[in-house]
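Colleague: I have not looked at this one before. Can you take me through it?

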Amino acid sequence: MTTAELEGPRVGTDHAGQRAGIVDYLTTTDHKRIGLLYLFTGIGFFLISGMLAMFMRAELTVPGLQFMDEATYNELFTMHGTGMIFFFASPVFFGFANYFLPLQIGAPDVAFPRLNALTYWLALSGGLIAFSGFFVGGAASFGWTGYAPLSSEIFSPNTGTNLWIVGLIFSGSSGILGAVNFVATVFTMRAPGMTMFRLPIFTWNVLVTALLVMLTFPVLTSALVMLFLDRTLGAHFFDPAAGGSAILWQHLFWFFGHPEVYILILPFFGIVTEIIPVFSRKPIFGYRAFVFATLLIGVLSYSVWAHHMFATGVVDNLFFSITSLTIAIPTGVKFFNWIATMFRGRIRFDTPMLFCIGFLFMFLIGGLTGPFLASPAIDYAVTDTYFVVAHFHYVLLGGSVFAAFAGFYFWLPKMTGRRMDERLGRIHFWTMLIGMNVTFFPMHILGLDGMPRRVADYPASAGWTGLNEIITAGSVVVAFSVLVFGWNLVWNIFLGHGAPAGDDPWEGYSLEWATTSPPPHHNFTHLPPIRSERPVFDARMAARAAAREAAEVARGPASG
Amino acid sequence: MPRFPRRRGARALLLLAGTLTATALGGCTLAPATVQGDRVQSLYNLFLISAAVVFVIVAGLIGWNIIRYRDRGESELPAQTHTNLALELTWWALPTILVIILFTVSAIVLNTNDAQVSNPDLQVKVEGSQWQWTFTYPASGVVVAGTPTSIPELVLPVDEVIDFELVSHDVIHSFFIPHFLVKRDVIPGVDNHLQLTINEEGTYAGQCAEFCGLYHDRMLFTVRAVSQADFTAWLAAQPRSTP
């Protein structure tokens with residue numbers, strides 16, 4: 001076997017070079033293996049949900065129903081959203097956090113390793129249950145928001161809906177347990193010297209995200225249980241005809257759902273904030289202000305949920321307008337922190353940094369369309385149209401997914417000991433950047449033109465055909481870019497053709513770069529002293545100073 | 001001054017940024033056909049200009065930094081600056097000021113548009129049901145009901161305050177006419193009203209905007225806005241449902 005003869009470790013091997021088998025993964029409580037399980041589960045659901053989106057784009061290219069009926073289309077957009085949010089973005093967050101949070105704080109594992117394993121298996125089961133609806137006569141088909149009373153047993157009597165609810169209850173429970181684990185790990189497992197204000201920003205953001213999860217996932221999970229009771233036992237929580245309330249579901253859902261948006265972006269802010277300083281060769285600018293901004297976003301995210309409900313006409317629109325606009329301030333501040341970090345730096349454009357720069361531009365666009373939706377009078381016009389679809393895809397694809405890819409290119413060498421191919425990485429970046437803009441930018445205009453979201457078909461007379469053709473073409477480019485990433489991953493990581501990464505391929509700052517790639521069981525044989533938020537940088541500087549000094553001593557007798 | 005030959009990648013990024021901004025400015029809302037819609041249009045323009053200015057500043061700063069401070073193979077580390085209080089206070093203050101301005105104007109427009117009169121010139125009852133609309137003119141007893149195969153036409157007069165009573169007996173729908181730059185949800189168990197004054201005669205497409213189940217995409221309707229005289233004549237010509 002030629003691949004086996006290549007030097008250096010391969011994915012799934014621990015430090016001793018022992019290859020881990022399937023049983024090792026099925027029974028593991030090691031945070032790194034669980035992290036990898038989460039990450040590859042996330043990638044799997046990304047591919048499935050992405051494929052559903054491609055089917056939708058095929059159908060929407062021209063007016064008329066060509067490939068499927070409405071029933072199928074409605075299942076596709078429901079499971080696309082559900083899959084991307086609950087079973088791609090969340091697992092990728094949990095994967096990166098699982099793998100790197102203990103490493104970054106110099107801990108051997110998370111606080112509760114067995115709970116951690118349970119958390120993963122609950123998450124995977126949840127995804128499989130929710131998607132299994134496709135095999136029992138149709139998946140859920142009311143949008144990922146599951147609005148009552150459409151989701152009741154009268155209007156959605158299929159089994160797929162029950163599976164969707166149960167899958168999300170699994171996923172919600174998994175999230176709560178995982179969040180408890182992360183919070184406990186940060187508060188109890190930090191290495192000596194790792195004070196709170198020396199935590200890497202990624203760890204800070206994971207901590208704030210975990211707190212958000214702990215406070216919002218129980219609300220979602222409870223609401224889902226109520227919905228399940230409505231459907232199976234006739235509880236009438238959300239049935240207006242029996243004294244229940246359709247609006248109550250929206251309040252509960254969005255009380256979870258808007259903090260969820262920050263749950264889906266804060267960890268990825270964290271990844272970007274790890275990468276930009278390393279590739280600018282400077283520390284993060286305004287560390288404390290950055291942490292404060294993250295905390296402020298976390299707190300404010302609880303007060304903005306009803307901006308999703310402006311058009312219902314039954315919430316205090318002005319209150320939710322000012323809170324929603326306010327959250328733009330700490331988010332905007334983060335941009336200045338990132339820019340000031342690059343200012344007077346020495347920026348290297350390796351693939352992780354390229355994706356961070358792409359993130360900055362794309363998230364900027366997504367961020368700037370946010371205030372439109374926070375202004376109720378404008379929101380009345382554009383909510384539930386493609387303008388909203390464009391907005392949240394710039395935030396979640398241009399923001400979270402670009403940052404997640406940055407994280408993969410940045411950390412895969414650490415997790416596997418192999419480097420990804422830079423040339424393929426650049427092709428992936430440019431095709432994804434171009435494809436995503438061709439796909440999602442025209443959606444703003446479609447939305448302003450009045451095309452509602454979640455429609456399988458549109459009238460030819462509406463004049464939306466041209467833009468829809470462009471959008472479908474763009475989505476093909478995005479799909480191609482993902483294939484390039486997949487090939488890069490398979491060839492260089494799974495088949496082991498990538499160059500050996502070494503311990504510290506990027507001259508990193510935080511503690512994960514102070515151990516081997518991949519790290520040994522329990523992570524560290526020794527730790528550098530932790531005297532700032534960049535212990536590995538400090539150690540590198542100290543080593544260079546010592547080397548210079550030694551060279552001078554050696555030169556000393558000759559010159560003197 | 002040393003020369004900095006631009007890298008292709010960075011230039012392409014800037015070009016992309018410029019193109020996107022231009023497209024954003026070009027793609028504006030539909031020409032509004034209501035008094036309220038005109039105000040929304042002005043508010044939208046204010047937001048669009050603010051967003052464009054912020055985009056040009058922030059994208060320009062990002063673009064300039066990645067070009068100006070790209071690695072050119074120096075061996076020295078850059079200065080490890082990590083904080084500057086005055087700068088940080090400035091960039092907390094600037095977005096705060098912008099948010100206050102945007103909110104104030106938003107609040108004025110919202111309060112004006114959402115203000116409802118107790119004696120509208122015309123009342124129309126809008127009933128959404130899976131998957132069509134029924135429009136009733138209670139004062140005259142005229143009913144226009146759509147069927148899955150025929151799209152109903154909602155005829156309305158211009159320059160009158162019209163009150164829409166929004167009623168649903170099944171799931172949530174949303175009454176949406178893109179040219180009026182407004183939608184309002186039609187929710188079972190909720191007594192929702194929307195008041196508008198149309199100021200442009202014409203025919204406008206309307207559609208349910210809240211996903212309401214299987215044939216949501218077919219829940220279309222048409223609005224025909226006519227002069228008050230034409231409206232009176234049209235109403236008189238309609239068959240009445242006996243109460």
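Predicted model: local features only at pLDDT ≥ 70, side-chain atom pairs only at ≥ 80, totals over all residues.

Colleague: Which residues lie nearest the centre of the second largest pocket?

Modeller: Those are A:P459, A:S461, A:A462, B:A205 and B:G206, out of 16 residues that line the pocket.

Colleague: And how do the lining residues of that pocket divide into nonpolar, polar and charged?

Modeller: The lining has 9 nonpolar residues, 6 polar ones and 1 charged. The space in this second largest pocket is about 310 Å³.

Colleague: OK, chain B then. How many helices and strands are there in chain B?

Modeller: Chain B has 4 helices and 10 strands. Along the sequence the order is α-α-α-β-β-β-β-β-β-β-β-β-β-α.

Colleague: What domains is chain B divided into?

Modeller: Domain 1 covers 10–67 + 87–114, and domain 2 covers 122–237. Taken over C-alpha atoms, the centres of domain 1 and domain 2 of chain B are 32 Å apart.

Colleague: How many residues of each domain of chain B are in contact with the other?

Modeller: In chain B, 13 residues of domain 1 are in contact with 12 residues of domain 2.

Colleague: What share of chain B counts as buried?

Modeller: Of its 243 residues, 49% count as buried. As for contacts in chain B between residues at least 6 apart in sequence, 67% of them join residues at least 24 apart.

Colleague: Next, the largest nonpolar core. Which residues touch the most other members?

Modeller: The core has 254 residues, and A:F96, A:W338, B:V124, B:Y137, B:F164 and B:F175 touch the most other members. Helix α15 (residues 386–416) of chain A gives the most to this core, with 20 residues. From chain B, domain 1 (10–67 + 87–114) and domain 2 (122–237) each provide at least three residues of the core.

Colleague: Take A:F96. What is A:F96 in contact with, leaving aside neighbours within four places in sequence?

Modeller: With that exclusion, the contacts of A:F96 are A:L39, A:L101, A:F202, A:I271, A:A404, A:G407, A:F408, A:W411 and A:M415.

Colleague: What lines the second largest cavity?

Modeller: Its lining is made up of A:P200, A:I201, A:T273, A:E274, A:P277, A:P283, A:I284, A:Y287, A:Y509, A:S510, A:E533 and A:R534. Helix α9 (residues 266–280) of chain A gives the largest share, 3 residues. By type, the lining residues of this cavity are 7 nonpolar, 2 polar and 3 charged.

Colleague: Last one, A:L252. Where is A:L252 found?

Modeller: A:L252 is in helix α8 (residues 246–263) of chain A.

Colleague: Why is A:L252 classed as partly exposed?

Modeller: Because the relative accessible area of A:L252 is 21%, and buried would mean under 20% while exposed would mean over 50%.

Colleague: What does A:L252 contact, apart from neighbours within four places in sequence?

Modeller: A:L252 is in contact with A:V219, A:A223, A:M226 and A:F238, leaving those neighbours aside. A:T221 is 31 residues from A:L252 in sequence, and the C-alpha to C-alpha distance between the two is 9.7 Å.

Conventions. Residues numbered from 1 in each chain as written. Chains lettered and ligands numbered in written order. Heavy atoms only, no water. 1 Å grid on protein atoms, 1.4 Å probe; cavity = no way out; pocket = protein on both sides within 12 Å on 5 of 7 lines; lining within 4 Å. Helix = DSSP H or I, 4+ residues; strand = E, 2+ residues; numbered from the N terminus. Nonpolar A, V, L, I, M, F, W, Y, C, P; charged D, E, K, R; others polar. Buried < 20%, exposed > 50% of the residue type's maximum accessible area, 1.4 Å probe, protein only. Contact = heavy atoms within 4.5 Å. Core = buried A, V, L, I, M, F, W, Y, C linked by side-chain atoms within 4.5 Å. Domains from an automatic or database assignment. Points joined across faces, edges and corners; volume = space filled by probe spheres on them.
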